[in-house]
Amino acid sequence: MRIILNQQPQQVSAATVAELVANLGQDKPGVAVALNGQVVSKPRWGETPLNEGDTLDLFSVIAGG
């Protein structure tokens with residue numbers, strides 16, 4: 001299926017947010033996901049399906065001061 005990942009069209013085979021994040025090697029602390037403009041909490045990644053045309057943004061949380 002085709003989605004928009006970080007503003008770039010991508011062809012993916014992942015069925016859920018968790019699967020996509022793992023396939024990208026980004027399943028690590030400090031990663032946040034927004035699906036169609038809504039933040040998805042990490043515990044819900046496995047139950048959150050991806051659909052054709054979804055927009056997904058991955059963010060790395062950075063602490064600073």
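Does V17 count as buried or exposed, and at what relative accessibility? At 0% relative accessibility, V17 counts as buried, where buried means under 20% relative accessible area, exposed means over 50% and partly exposed lies in between, with a 1.4 Å probe and protein chains only.

## Basis and confidence

This is a predicted model, in which local features need pLDDT of at least 70 and side-chain atom pairs count only at pLDDT 80 or more, while totals for chains, interfaces and linings use all residues. Residues are numbered from 1 along each chain as its sequence is written, and side-chain values use heavy atoms, with hydrogens and water left out.

The average pLDDT, the predictor's confidence in each residue from 0 to 100, is 94 for the protein, and 97% of the residues score at least 70. Confidence is lowest in β5, at a mean of 95, and highest in β1, at 98.

## The sheet

Five strands form an open sheet in the order β2-β1-β5-β3-β4, with mixed pairing; strands (E, at least two residues) and helices (H or I, at least four) are DSSP runs numbered from the N terminus, and two strands pair if DSSP finds at least two bridges between them. Because β2 (8-11) and β4 (38-40) stand at the edges with a single partner strand each, one side of each is left without a neighbour in the sheet.

Strand β3 (residues 31-35) runs antiparallel to β5 (residues 55-60) and is joined to that strand by five bridges, with A32 having F59 as its bridge partner in β5. The pairing of β3 with β4 is also antiparallel, over three bridges, and here L35 stands opposite Q38 in β4. These two strands, β3 and β4, form a hairpin with two residues between them, and N36 in the turn has a positive phi of about 55°.

V17, found in helix α1, touches V33, L35, W45, T48, L50 and L56, not counting residues up to four places away in sequence, where contact means heavy atoms within 4.5 Å.
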